[in-house]
Amino acid sequence: MIIIVIAILVIAIIVLITYNLHIQKKIEAYNNINDRINNLSILQDFMKIAGQEETVDEKLKMINEIVIEKYNIKYSTIVVFDGAEYVVKASNVDEKHYDVLSNLHTEEIFQDSVATATPKYITIDNENEKLPYQKTEMGRAKSAMFFPLYIENIYIGYWIMESGQMHAFDKTDTTIIDVVKDNIISVLQTTSYQETIENIDRIDKFTGLHSAEYLYGIAKRTIDQYSTSAICMFKIQNIEEINETTSRQIGNDIITEISNIVKTRMNSQYIFVRYMGPKFVIVFSGVEEGSLEEFLKDIKQEAEELVIIEEEQEIEKIHEIKGKRVRVKEIKEQKEASPKLNFVVSTYYMGTGLEQLTKKLEEYLDSSDKDENQINYI
């Protein structure tokens, strides 16, 4: 009888153990699925940020905030080499620590990590110690994970997680963290073109206007707040003739004066850039092209009424007469010039290729007859 009871108990225990193992596997499977869902959700958040109109720096800050929130990280810092120096692009650490954080690549403890493209985990074992890269601080970070960032085998910077607790990352699932790191790299990769555009924008010295690249970077955020906008490009048709027959100085003065005329009429939501040479672009954000007729006529009229005069001047020249160098005074005649403008206008639709549209407008102006000066709609 006792043997039967014992046998039943053994069988019951085996059944319970088997059941518990089965439940444990289900829980683990559920957790794995849940982790995948969470990681997919975070990846979707990252990609959504990558597609937004914010600057690259703003996007990296938003990503860093997601990392801190979703993975419950105390400190997170993204440092990127910009071609000249290492720059802290995103961090929730006080700026007084930026000098240290932007020079971690020079620390001996991380150099092997950078060289081999492998993560580095460091921590302290007692409260009186400090992490090797810390100069004067001791209380802020007591453990850290350092991740070098590479795009197609090119080292571009690093990401470092820090904690105020010792051994904080001992049980961290590195596969999840690798997903985060890869997502950071993906965003850096997808925004590299945008960053190039933002960085090559220049201010024209004659007009004080942004260059064409401004349209495709920072300005596009304003433009894409509206479903449609009117894009106008105009060209000073006779600028080459003015430069050749009068002087380049008069040509420069005409460019400056025309830009000033347009500036005085600009609404705060409009964007005005010097596109290239004698060509300018005005973006009328949220405005239909059909409503611009009078506005453009007024600009055209005022610009073409300009008369830039170079006053008659007395100049001295050295001539050689009968073997002798003689200083002779000559009169440089008065010269004047007026511009002729040719306009072309089209509609830009939010989210479409702005650079393709401006290229189309440019091709129209460059192929037009040199004597054409009117307002065209295409």
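Strands β4 and β5 run antiparallel and are joined by nine bridges, where strands (E, at least two residues) and helices (H or I, at least four) are DSSP runs numbered from the N terminus, and two strands pair if DSSP finds at least two bridges between them. The model is a predicted one, in which local features need pLDDT of at least 70 and side-chain atom pairs count only at pLDDT 80 or more, while totals for chains, interfaces and linings use all residues. Residues are numbered from 1 along each chain as its sequence is written, and side-chain values use heavy atoms, with hydrogens and water left out.

β4 and β5 form a hairpin with two residues between them, and E152 in that turn has a positive phi of about 50 degrees. Within this pairing, A144 has E162 in β5 as its bridge partner; A144 in β4 is also the bridge partner of I122, and β3 and β4 pair in the antiparallel sense over four bridges. On the side of β5, strand β1 (residues 75–81) pairs antiparallel with β5 (residues 154–163) over six bridges, with V79 facing Y158 in β5 as its bridge partner.

Taken together, these strands belong to an open sheet of five, in the order β2-β1-β5-β4-β3, with antiparallel pairing. β2 (86–91) and β3 (120–123) stand at the edges with a single partner strand each, so one side of each is left without a neighbour in the sheet. From one strand to the next, the twist averages 20 degrees, angles being taken from 0 to 180 degrees between the N-to-C directions of axes fitted to C-alpha atoms, for helices over the stretch in contact.

Helix α2 (residues 56–70) packs on the sheet, touching β1, β2 and β5, and its direction makes about 50 degrees with that of β2; contact means heavy atoms within 4.5 Å. Helix α4 (residues 108–116) lies across β3, β4 (143–151) and β5, running at about 35 degrees to β4. β4 is mostly covered, with eight of its nine residues buried, that is, under 20% relative accessible area, as against exposed at over 50% and partly exposed in between (1.4 Å probe, protein chains only).

Aromatic rings form a further theme. A search of the whole structure finds 15 aromatic pairs, meaning rings of Phe, Tyr and Trp (its six-membered ring) with centres within 6.5 Å, where planes under 30 degrees apart count as stacked, over 60 as edge-to-face and the rest as tilted. One aromatic cluster is formed by F81, Y86, F110, Y133, F146, Y150, Y155 and Y158.
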